[in-house]
Amino acid sequence: MLQDAAGAANARAVSKVDEAAVIRAVQGGDQDAFERLVRTYDQSVLRLAMNLLRSPEDARDVYQEAFLRVYRNIHTFRFDCSFHTWLYRIVTNICLDHLRKRKVRREEAAVIDTADGPVDRMDSFEEEGPHADPERRMWNNQLSGRIESALAGLTPRERMVFELRHYQGMRLRAIGDVLGTSEEAAKNCLFRATQKMRTVLGDLI
Amino acid sequence: MNCDDVIRAIPLYHYGELEPEVEEGVEDHVESCDSCRAALARQKALAVALDRHELAPPPELLAECRHELVRAIYREETPAVRRNASDPWGLFREAFRSMWHPGIRFAQPAGAVALVTLGFFAARFFPSISDQAPDAIVSSIRSVQPDNTGRVQIALDETRRRVISGRVEDQNIRRLLLAAAREQDNPGVRVESVGLLKDQCTSPDTRAVMLERLQNDPNPGVRLKALEGLKTFATDPEVRRTLAQVLLKDQNAGVRIQVIDLLITRQDAATAGVLQTLIGKEDNNYVRMRCQNALRDMNASVGTF
């Protein structure tokens, strides 16, 4: 076990070294290195944006804007934090802007009118989990709608902290670094977020 | 810890964000308190429900985002990361990608860069083709010779870069492209030039270059481009002879597949014979399957007797 842990720690250290080399190559103008860097992180960035904004169009906008900012500003990255933290500062800022704008103009309707009647834009994206049994499916749909309202009831910052902790698995200290706040403030945010959700979903869970 | 403390600590406990001693306190309390145990169970149920609510972006969305990013980067006017225009492998990769991913508009900037590179050929083959001022002079020093008067004589080679632009149909441009298609040291320029010439194969000299590149170019990307150009001449006897030779000697399975597709546009005994010969020595299962299918369509036997 100890050997495994040491091996894993060593692998992480090596991969950090590799990443630093890739970043230096990008700073030196290596386009392939930039592509490697993007591909290391872009799935989790897209997943974060998709879950936060619940809209493929907005997630796509966040992806483009975030990686273009990285492309334009990579020369300013000085290794005083991890690249992950630096990237996520960019991504979370863009997502928070989207969430705040959305709060101002109120939540965009997930259901849009089409020639074939109203269609939920998110129906085309499979949620994880089984839905074979019709009763179970109905219950899941009800739960899904309530979760949607519960998430919509969070402030953009609470939503962000919750997403980063629950779905992205980041530690609260790292979340604090990304959001430019303390670990304690991130803890409070997470607590408020879960309390609000438990209140909204109380009778279903 | 009392119930209020534990209720407040439960979310952080669930996410493993408590100090070890506080965590132990929660566990001790929950063991003996039904209502706090129920609160912890609700927290777990909430987490499970939220897990099911997670959206996984479909792979097509990710692919689309990546393509759009590439396009957006090319549109950037002042990129921090600059493509090294003189890097032949970069050019090649770019052109090669554009062959397999027609959705990405790599070809346009690559074409522009190829035209810049063609400036070198212009200077070499057509010194009077343009009277534009050179945009760069690259020198290498051959010798340095001091003399008795304190002066020094330096011998240097100059390469004058010129940029020529024009339509592919223009005779001078076409001649440059024909020369560029054979440029030994730069596969990127060859891919781009052959790609630009592939619609000009009605001209015998262009067709001859295509056939020659198909047979001799070391780069499969160039050979595939040449094949594209020869598509409309797949029934021409000379083209078919070359295709048959290429099919039996080309090391690249992708090229062999394309050649099979062109050859079977005419289903005759000669084509069946070539395919039967290929099957006997082909080590790629997919190519062999294509051959077998083609022979079956032609009502020809798979083996030779």
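Which residues of α14(B) are buried? In this predicted model, the buried residues of that helix are B:Arg290, B:Cys291, B:Ala294 and B:Leu295.

**Helix α14 of chain B**

- Helix α14 of chain B runs over residues 285-297, and its 13 residues reach 18 Å from the first C-alpha to the last, which is close to the 18 Å expected at 1.5 Å a residue.
- The buried residues B:Arg290, B:Cys291, B:Ala294 and B:Leu295 lie on the same side of α14(B), because they cover an arc of only 130° around the axis.

**Where chain B touches chain A**

- The contact between the chains involves 34 residues of chain B and 42 residues of chain A.
- On the side of chain B that touches chain A, at least two residues each are supplied by α1 (3-14), α3 (34-52) and α4 (59-75) of chain B, and the largest share, 9 residues, comes from α4(B).
- Sorted by residue type, this side of chain B comprises 20 nonpolar, 3 polar and 11 charged residues, so that charged positions are present alongside the nonpolar ones.

**Two residues with a positive phi**

- In chain A, the residue A:Phe79 takes a positive phi of about 65° although it is not a glycine, and A:Phe79 is found in the loop between α3 (56-73) and α4 (83-104) of chain A.
- A:Phe79 counts as exposed because it has 10 C-beta neighbours inside 10 Å, where the cut-off for an exposed residue is 12 or fewer.
- In chain B, the residue B:Asn299 has a positive phi of about 55°, again without being a glycine, and B:Asn299 is found just after α14(B), in the segment that follows this helix.
- B:Asn299 likewise counts as exposed, because 8 C-beta neighbours lie inside 10 Å of it.

Definitions and conventions
Residues are numbered from 1 along each chain as its sequence is written. Chains are lettered from A and ligands numbered from 1 in the order in which they are written. This is a predicted model: local features need pLDDT of at least 70, side-chain atom pairs count only at pLDDT 80 or more; totals for chains, interfaces and linings use all residues. Two residues are in contact if their C-beta atoms, placed from the backbone, lie within 7 Å. Helices (H or I, at least four residues) and strands (E, at least two) are DSSP runs, numbered from the N terminus. The expected span of a helix is 1.5 Å times one less than its number of residues. A residue is buried if 20 or more other C-beta atoms lie within 10 Å of its own, exposed if 12 or fewer, and partly exposed in between; C-beta atoms are placed from the backbone. The arc is that of the directions from the helix axis to the C-beta atoms.
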